[in-house]
Amino acid sequence: MGPGEFGGSAALVVFLFGHFVTVVFSIKDCYTRVDGRIVYEGINNVADFGQPCQAWSSQDGRTHNYCRAPRAGDLQPWCFVRADTGNLIQARCDVEHCTECYTVTGSDYRGTQSKPSSNESSTEECVSWTDESGGKRFNTKAHPDDRSGLGDHNYCRNPWPEGRPSPWCYTGKTPASHKQCLIPNCKVPGYLGCVTETETAPLLWNVVRTAYFSQLTIAHCVTYCRDHGTQYAGFRNGNQCICIAGPRDVFRSLPEVTDCNKKCAGDSRHFCGGTNSTALFDTRMGQCGGWRYGVYGTIHSPNFPSDYPNGEICSWSIMGPENHVLRLHFAMYDIADSEDYVAVWDNSTRRRVLLTPSKNGYVVDSNHAGLHFVADSAKNGPGFSLVFEAVKKCPKPDILNGKADADSFLPGQFATVECDPGFRVFGPAKVMCEDDGTFKNLPECLSENSTLPTPVSFSNNKTTDASIVSTTSHHLSTDSSQVSTTSTRDQGTTEVPQTTVKRPRPRTQGPAKTSTFIATTTESIRTSSARSTTSRPFSTTERHHTTELRTTQSAEHSKPDSSSGSSQEAEDATSTVVIGVVVAIVLILVIGLLIYISCAVLAAKRARQASLENGQAENADAEVNVPLKDFGEER
């Protein structure tokens, strides 16, 4: 393979890897269920109490310490941690299942599954919600406001949450033809699913305690099992609470079913298991306060899914990986009393900020934040579900012959690019910081006298006018040097200062030269092996085997300005053709001259060689014919 071929192959590999890294970091860090078992391929490497995970061993020699669920019966991802005694013990990780739903009954599901079964091979289809045949109670005519998600489609919905435990649909012409939809990714965080039982509960689960309650609610049983030190709470028959340490056989898969349809004895809005099935919940759901170590997770109000109690004060500490920032947004918010509130303590600004629902949420410029909930004794309500995500911050983009308007950017912020005198922007002047800590489709600063680059569409670029980014309370500001939020409660402004990072930037002197900028994005992916229990959570320097992977991707060119007109395009095309012809002629002349010189040199070399051969022959003849007298006579 020649140097050119090797360089082309290397460039192709780097290009493909750059796209792979982009895809990896755009996926939410959560697990899914496939064929009755947990599948998690994320980057969380800390147990739920903050201990660093130990490295897994593998036959191929590769190691990592990310949380995993390697056994068929695992209920959640986990890892081994080092106990104080030095022994390895199994510990659960703070990783949630991927979900589209944040209500217990899935009434907020707006997905596109149109079969009762999630199995692709199933031929049974839902009928459209516009079908009124047979006296169906739920259709678009009876519910035209679309609040329950009904419409001219046949997707699974739950317009009757007090009567159905999950999304469902009609499959025939009569009201009795309804069926529950098994949607793997429609479970409120904390609900692990409905598991069928072929044996009695004590044989299927490691049961710590069982209790029967005449007024059973989900919150009551979850709190009861949490107080007894178990990780899971199970529900059966609407009145039975089972405190579970885990499955008895971790190598047996636990497929989900849809028959957990017994209403809770103490709350008819919710469902507490079935006759031969267990509804399984994580006992961290609805906990008042605690520590959360993770990349992605949900914090519910106390006593969730029931109403939060009066006079409650709760505090949570959230910590994400190093070199990340935390983004917070509400998936559900229903706080009845104006004196009750949710606030975050921003460690980067040392200020408290009140949180309310907003489109962009709130970004804490740190990987550590404190969340607080305060309820007075006057009135209560359903509460809230707050989602936290650890995302990367974007450094200042390096623009050849230009600059950005700030030194760093939080995810969702826009960087405005300004070119040096004599240069102009080709491409979008505003680019958004992505969740993976990079900018996509950076523009170029080219000479004003240069030929327009080849048109390439920027349709995928997420550019927008700064006016659409809200500057109201708790929204990100579009100011060039800071992020500000205004709190109506403390009447103060929280400012998140940006960290200044100076980076050398090459420049082209004068507008007469045209330079092409190739953006290089470098991502460091670090895997780890824990060394001690005193190491900081998510450390990337003390206990990890480190591998740095670098990615390079070329910046795209922008579309030429349409106002230049077709005449300008024709002139540019003509100029390009003329320049090409001139260059071709020059190359032909140079090649011909080189061939002529080579021939001349070769002819001279051959003539010289022939002359040397003739001279040697004459000298040989002269030696033979020399008379002896010329050497003198011996006397």
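A salt bridge here is a side-chain nitrogen of Lys or Arg within 4 Å of a carboxyl oxygen of Asp or Glu. By this rule the count comes to 17 salt bridges in this predicted model.

**View 1. Arginine 92 pairs with aspartate 282.** The closest N and O atoms of this salt bridge are 3.1 Å apart. Arginine 92 sits in strand β4 (residues 88–92) and aspartate 282 in strand β13 (residues 277–282). The partners are 190 residues apart, so the pair links distant parts of the chain. Arginine 92 and aspartate 282 are buried.

**View 2. Arginine 292 pairs with glutamate 96.** In this salt bridge, 3.6 Å separates the closest N and O atoms. Arginine 292 belongs to strand β14, while glutamate 96 lies in the loop between β4 and β5 (168–170). These residues are 196 apart in the chain. Both are buried.

**View 3. Lysine 393 meets aspartate 365.** Their side chains form a salt bridge of 2.9 Å, N to O. Lysine 393 is in the loop between β22 (383–391) and β23 (394–395), and aspartate 365 is in the loop between β20 (362–364) and β21 (368–374), so the pair ties together parts 28 residues apart in sequence. Lysine 393 is partly exposed, at 26% relative accessibility. Aspartate 365 is buried, at 12%.

**View 4. Shared partners build one network.** Salt bridges join Asp48, Arg92, Asp94, Glu96, Asp282, Arg284 and Arg292.

**View 5. The second largest pocket holds about 570 Å³ of space.** Its lining has 31 residues, and Asp48, Arg92, Asp282, Arg284 and Gln287 lie nearest its centre. Strand β14 (290–293) gives the most to this lining, with four residues. By class, the lining has 10 nonpolar, 13 polar and eight charged residues.

Methods
Residues numbered from 1 in each chain as written. Predicted model: local features only at pLDDT ≥ 70, side-chain atom pairs only at ≥ 80, totals over all residues. Heavy atoms only, no water. 1 Å grid on protein atoms, 1.4 Å probe; cavity = no way out; pocket = protein on both sides within 12 Å on 5 of 7 lines; lining within 4 Å. Points joined across faces, edges and corners; volume = space filled by probe spheres on them. Helix = DSSP H or I, 4+ residues; strand = E, 2+ residues; numbered from the N terminus. Nonpolar A, V, L, I, M, F, W, Y, C, P; charged D, E, K, R; others polar. Buried < 20%, exposed > 50% of the residue type's maximum accessible area, 1.4 Å probe, protein only.
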